[in-house]
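Here is a short briefing on a protein model, arranged by topic. Please read it with the structure open.

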Amino acid sequence: MTDDAPRIVVFGDVIDDIIVTPNGSIRPDTDTPSNIVRRGGGSAANTATWLAHLGVPVDFVGRVGVLDLERHSRVLREAAVRPMLAADHVLPTGTIVILVDGDTRSMLTERGANAALDPDSVSDAILDGASALHFTGYSLFDRTDTAGFSKLIKRARSRGVHVSVDPGSAGFIADFGSARFLDAIAGADMLFPNLDEGRQLTGFDDPREVATRLAKKFPVVALTMGAAGIIVASRGEVIELGVEQARTVDPTGAGDAFCAGFLSEWIVSRDPRAAAQAGSRLASRAVTVVGGRPTA
Ligand SMILES: Nc1ncnc2c1ncn2[C@@H]1O[C@H](COP(=O)(O)OP(=O)(O)OP(=O)(O)O)[C@@H](O)[C@H]1O
Ligand SMILES: [Mg+2]
């Protein structure tokens, strides 16, 4: 990494993933021996670690419970991400307990300190000289006032920083309101929805139609459809890309890795097709590893 290499700022969720696999069925009111694995997660933090894995200089702005500040900062640093974590003295670090029951996974989620992460914590000084700013819908969903996000997008763009958004969750967009969500992120340059999110945001079913509609609002749209491919719509052009089938071990974080791969190419070539191909290459690696971050 050199000091003048294009730098990316990622803003958003950092989570402790706790994956619980009971040995047999859960016995109520008494102990059930289980295999319990802890991992760093959070959609935005995962994207930051994939970017760093590709050698891109990356600043990560997030928020954790005060007791975890050192631990999460160290984990990110070890992944070559520059952590800029705020310590919350009231709320705990966001946590997801993933309860594995055969093929069923139940996610029990507490957003914790992530809910108090303010877009103003991305300072002008961090944005100065950056190539891109990336954040996800999760950072918006808890907020009643989204003006800070409009301001953040304006502050970035006025410095020539390209802004990308991963909507993150079709269910949360439905709760939040699609029109309200689109309003809050108006002015972003790039949108990376999966198909469910794209459908929720547009009210259309056909993937090509979904991508085309969103491209009227955002200059670059990459609609990801899992193993079924990607549709890139940008400035009147629509490109359909297949993906190389990977043997899926754990699909967690495929979308996060896609964003990282896309951005790593975008900041160099500004070519949406090449960027989507780079996103797809990285995501197909992500599905072959357990957890949402690269293994060293
Ligand atoms: N089985 C697979 N084989 C190869 N690539 C895959 C597979 N599943 C997903 N991908 C890649 O990952 C990208 C993102 O996947 P997907 O559309 O499922 O995103 P997502 O639903 O946002 O994922 P996530 O659950 O991680 O948020 C796809 O565009 C594709 O490139
Ligand atoms: Mg996703």
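R74 is partly exposed, because its relative accessibility of 43% falls between the 20% and 50% limits. This is a predicted model, and side-chain atom pairs count only at pLDDT 80 or more. R74 forms a salt bridge with E78, with 3.7 Å between the closest N and O atoms.

- R74 and E78 both belong to helix α2, which spans residues 69–78.
- The two residues sit four positions apart, about one turn of the helix.
- E78 has a relative accessible area of 63%, so E78 counts as exposed, the cut-off being over 50%.
- The closest N and O atoms are 3.7 Å apart, and the salt-bridge rule asks for a distance within 4 Å.

- The salt-bridge count for the model is 17.
- R155 and D124 meet through their side chains at 2.6 Å, N to O.
- R155 lies in helix α5 (residues 147–157) and D124 in helix α3 (residues 124–127), so this pair ties together parts that are 31 residues apart in sequence.
- Is R155 buried or exposed? R155 is buried, because its relative accessibility of 14% is under 20%.
- D124 is partly exposed, at 32% relative accessibility.
- D124 also forms a salt bridge with R159, at 3.2 Å from N to O.
- This second pair links distant parts of the chain, 35 residues apart: R159 is in the loop between α5 and β9 (162–166), while D124 is in helix α3.
- R159 is partly exposed as well, with a relative accessibility of 30%.

**The four-stranded sheet**

- Four strands form an open sheet in the order β3-β2-β6-β7.
- Pairing in this sheet is mixed.
- Which strands are at the edges? They are β3 (34–41) and β7 (104–110), each of which pairs on one side only.
- On average, neighbouring strands are turned by 20° against each other, with direction ignored.
- Strand β2 (residues 15–22) runs antiparallel to β3, and eight bridges join the two.
- D16 stands opposite G40, a residue of β3.

**The largest pocket**

- The largest pocket holds about 1300 Å³ of space.
- Its lining has 42 residues, and those closest to the pocket centre are P251, T252, G253, A254 and G255.
- Which elements give two or more residues to the lining? They are β2, α1 (43–53), β6 (94–101), β7, α10 (254–269) and α11 (272–286).
- Helix α10 gives the largest share of the lining, five residues.
- Sheet strands β2, β6 and β7 are among the elements that contribute two or more lining residues.
- By class, the lining of the largest pocket has 18 nonpolar, 15 polar and nine charged residues.

Notes
Residues numbered from 1 in each chain as written. Chains lettered and ligands numbered in written order. Predicted model: local features only at pLDDT ≥ 70, side-chain atom pairs only at ≥ 80, totals over all residues. Heavy atoms only, no water. Buried < 20%, exposed > 50% of the residue type's maximum accessible area, 1.4 Å probe, protein only. Pairing = 2+ DSSP bridges. Axes fitted to C-alpha atoms, helices over the stretch in contact; angles between N-to-C directions. 1 Å grid on protein atoms, 1.4 Å probe; cavity = no way out; pocket = protein on both sides within 12 Å on 5 of 7 lines; lining within 4 Å. Points joined across faces, edges and corners; volume = space filled by probe spheres on them. Nonpolar A, V, L, I, M, F, W, Y, C, P; charged D, E, K, R; others polar.
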